[in-house]
Amino acid sequence: MSAFRTCPTTGLQVHRTADRLIKANAVVATVALLVGGIAAVLVLLTRWEAVLLLEADMFYRMLTVHGMNMLIFFIIFFEMAVLYFASAVLLNCRVPAPTTGWVAFVLMVVGTLMVEWTMWTGRADVLFTSYVPLRAHPLFYLGVILFAVGALTVVGHFFAIITVARKEKAYEGSLPLVTYGALTAAAIAAVTLLHGAIIYIPTFLWSLDLMHVDAQMYRLIWWGLGHSSQQINVAAMVSIWYLLGALTVGAVVLNEKVSRTAFVLYVLFISMASAHHLLVDPGMGPSWKVWNTSYFMYMAVLASMIHGFTVPAGTELGMRLRGATQGLFGWLKRAPWGDPGFSSLAFSIVVFGFVGGITGVTFGTEQINIIAHNTLRIPGHFHATVVSGTAMAFMGITYYVIPLIFRREIAFYPLARIQPYIFAIGMLIFSMAMTFAGTFGVPRRHWDIGFTQALFQPEFTPAVNLIIGVMAVGGLIAIAGGAIYIVVTVVSVFFGRKMAADDSGLGATGRGLPPGITNPPRALKPEDKEVLQPSGRLGPVPGTMVLVLIFLAAFILYYFVNWMLLSFLWEVG
Amino acid sequence: MYRTGIEPPERVWWKKVERHEKVWVWIAFAWCMVLFAMMPVWHLRGGQNPSGIRHRVDPADFQARVAEFVQEYQVGTDNGLPVVAPPPGSHVYLQASQFAWIPVVRLRQGAEYTLHLSSLDVNHGFALYPLNINFQVVPGYDYGLRIVPNEPGEFHVMCNEFCGIGHHLMVGKIIVEPADAAAEAVDAPAAGVSTAGGDR
């Protein structure tokens, strides 16, 4: 058997090792998603005071399991698959060190199993952040270290694949934008995982009573891992936005310079985000906080606002090239909303931007953090970014990865078509209700806000009960969406109908095939006034312009309302 | 002529930017500058800043300072916790440990205090309910925040940083007396208030 296969849909040469590594990482990611999802149900049904399912110790244990499986194992295993896809597959290139690839994979799996064992046996009830001096079993820390070393190896391998592709002239010109974005994600991952090593190695030694770790120093460096790893997610997610745009409607890249510069801004400034968690900490002064929390004067926020424009703008142009030229929003009306890849893309952008992005920048403001820190507003924010944004995008791309890499048709396709709607609507209700509950001061990571056994009983207004109830319903809807995703992907991968080689090339319309590739927008002619300016540049994009201005208005409103709420408080400083 | 994000572009991709895109980049940039300016401006003009007096402290020393503070100003007990009424302008010490806030503090509306927070064991979270004022309490660090309670009432201090299985039990109390009532209380010191000793 040849080491390569030719993809009948795209014509790309796919190295079989890349195929296998992508499959292995994607399968483990899905298992982690399942485990984290089960924990999510239990945590949700406990925080819903009307149910209060688990006892306190099991609640905190399941919260630890949920955090580690979702934020670390699911996301990072999936990102490893994305790295192999964006390099070896998109660049037509071989995987230069297959053995290293498998060793890294095994290291990550072993690390994961060690962490799972300590968590499930009650030896690591320290939550995702494992703040020193809360103490877990030494194997918990060692497991994280092994996992990080494995992931770091994959990142190195990714750089090697790109270098080899360039040397062997596997592609012409520059790296495709999607690969470029993945490259920035990998660069951020390298920095992030180094922070992980810097903090977890001393913490491992501390857990063996071999050294002392300062609680504040731990928070500073741990968040260099904890928040920056969310920035890997952002860079990976934005790359997938461009990828999904390309696959679903043949979205064009307006200007390579702008999009690539925005990616570089992520690399330069995004690891400063550790500060977002330390704004009301005693260890740092105001100038450090202001400078770092703003990522060097909000340059990483600027990057996200740019991608939030260029991705829909590229989609708008792609659709206009397909003839959807009517009015401002004709391109939206005629977009393929029944394609789960496209609807995932649209919801990912909207919820990430409107809910996740706006709340994140607002809560990450030094002073406003006083009314947000460790309340439910924080998980409300990051469920909108990392779940409705990143995980949603990852789910969307799966609907193409299964036909293109696993060579299987999507099973239960009608179910797959509505999955993004169920998941997005559920997560939207969930994260907005959670954020709203947090404005009343409801703490995050808390077993019983009824305080039934406490010395004093603060009583939340009855409105909070209602909001928490809404949150729970939204969460259950989202969990249903997640369950559909797992059922569809598992059945497709293991029992799905094999794709026939001949019905998936140019012009094919088989379900799950990327229409952006099999049925690309027509070629551009110089007389295309609609999408081409006299100078030869692509544009204009009036519909997108209106959408981003609506976004900006929402942003400004939310931001200043929070300053107003802050000003009502006691003077403090 | 045009390409998607998965096709390699030509070697040199540094090209001029289309008008709409350029306009949005500049609008976004301007907004980022507003976001950045707001924080220093609030330090100068606003009343709520997380700056405080910050320094390292040995947990044992902090515990001793809290004990001294309780002894000096204790006026009674509440649910077994000492109730302390420090005079306006004084330093107030609030100790976090698994799973209690010690002591209960009685303040006067409109007066200024310096509230010192620290932990004896693990990280805790100071969350003043129902005001929604939140600060991180880190062992080994003293966070001294100048506060001016602007309304009377009974406030609870929840812990909002996970600190162990009894995390949800950790609730303390801060009482703010109205400015005029407090003045009367000074005229008749300790009337009707239990003077039973605290826990220490």
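User: What share of the 573 residues of chain A count as buried?

Analyst: Buried means under 20% relative accessible area, with exposed over 50% and partly exposed in between (1.4 Å probe, protein chains only). Here, in a predicted model, 66% of the 573 residues of chain A count as buried.

User: Good to know it's predicted. What ground rules apply?

Analyst: Local features need pLDDT of at least 70 and side-chain atom pairs count only at pLDDT 80 or more, while totals for chains, interfaces and linings use all residues; side-chain values use heavy atoms, without hydrogens or water. Residues are numbered from 1 along each chain as its sequence is written, with chains lettered from A and ligands numbered from 1 in the order in which they are written.

User: What are the ipTM and pTM of the complex, and what is the mean pLDDT of chain B?

Analyst: pLDDT is the predictor's confidence in each residue, from 0 to 100. For chain B the mean is 90, and 90% of its residues reach 70 or more. Residues 187-200 of chain B fall below 50, though, and beyond near neighbours in sequence this stretch has 18 contacts in the model (contact: heavy atoms within 4.5 Å). The predictor gives the complex 0.94 for both ipTM and pTM.

User: How many helices and strands does chain A have?

Analyst: These are DSSP runs, numbered from the N terminus: helices are H or I of at least four residues, strands E of at least two. Chain A has 17 helices and three strands.

User: And how far does the C-alpha trace of chain A span along its principal axes?

Analyst: About 75 × 55 × 45 Å. Also, among chain A contacts between residues at least 6 apart in sequence, 80% join residues at least 24 apart.
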